[in-house]
Amino acid sequence: MRNRRHRSRAVLAGVTAAAVLGAAGCDVVGGDAPGPSGSQSRRAAPSPTPAWDTSPRSVAAVGDSITRGFDACTVLSDCPEASWATGSSPEVDSLAVRLLGRGRAASHSWNYAVTGARMADLPGQMARAAARRPELVTVMAGANDACRASADAMTPVADFRADFTEALRTLRRTAPRAQVYVASVPDLKRLWSEGRTSALGKRVWELGICPSMLDDADALDAAAQSRRSTVQKRVEAYNEVLGEVCAKDRHCRFDGGAVYAYRFGAAQLSPWDWFHPSVDGQARLAEIAYRTVTAPRAPS
């Protein structure tokens, strides 16, 4: 294998994303329509909350480069076989494999995530996923909305909410009963904290990876600290949005912030960019997803 110093020269020059903002949508996704009035109102019984199926028989994935397994296997390349959501790698033991078994996962799971995608791209991905009529759809998106050229360029929270709301609405038009697992956005400030201890990691980041958080990694002055804090608060706001919008959909389950809270280390980061998950990191994401999907109750 080429040594790591040589490989770092070919590392991704930045996190790419499509800069498209979705139109604002209604304030409820998958909610109940206004109830009947008069005598009909007195006779109508409330609809029971549907039980969560802990054993879905098909899985579709939407999201960004994390779900595509980017830089998990080779430099500057997607590696969908290592995807936490639908990958076939025995080292990862993806959510689809855990739920469906290796044979069925090969024919009943689909990965529509796109490297560089932001939340604005999710409605289009969701439309393609919905066409498969999956019993479970996994969502992991938002890191690229925070990882911009500057903190000022991050996706506004209102737009992030509108795009995610529209993505779920798009799914419901075709697959009204599909269950949705939503992963929280990872802790980007922890990424900075872990990677800045590596001389290689910092050299790679200087090429332009997530500059809003990772630029000038050794700087500890007030301006740098304020910038990182701003990005961190935006990630936390995105996670609040994911939880709130998901809670309005009767078939959606948020991870309760489990991915954000996971205390990953260097072993869980790609050796090529110190940003994306390594194969081991993908396996940890699969574990979190499996626990959430198969739990009797949603995380509090």
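1. Basis. Residues are numbered from 1 along each chain as its sequence is written, and side-chain values use heavy atoms, without hydrogens or water. In this predicted model, local features need pLDDT of at least 70 and side-chain atom pairs pLDDT 80 or more, while totals for chains, interfaces and linings use all residues.

2. Main core. The largest nonpolar core holds 52 residues. Such a core joins buried Ala, Val, Leu, Ile, Met, Phe, Trp, Tyr and Cys residues through side-chain atoms within 4.5 Å; buried means under 20% relative accessible area (1.4 Å probe, protein chains only). Phe164, Val182, Leu188 and Leu214 have the most contacts inside it. Helix α12 (residues 222–247) gives the most, 7 residues. Helices are DSSP runs of H or I, at least four residues; strands are E runs of at least two.

3. Asn239. This residue is in helix α12. Asn239 counts as buried because its relative accessibility is 9%. Beyond four places in sequence, Asn239 contacts (heavy atoms within 4.5 Å) Ser184, Val185, Phe254 and Tyr260.

4. Aromatic pairs. The whole structure has 2. Ring centres must lie within 6.5 Å; planes under 30 degrees apart are stacked, over 60 edge-to-face, the rest tilted. Trp84 and Tyr181 are edge-to-face, at 6.0 Å and 70°. Phe160 and Tyr238 lie 4.1 Å apart at 10°, so they are stacked. Both Phe160 and Tyr238 are buried.

How values were computed. Buried < 20%, exposed > 50% of the residue type's maximum accessible area, 1.4 Å probe, protein only.
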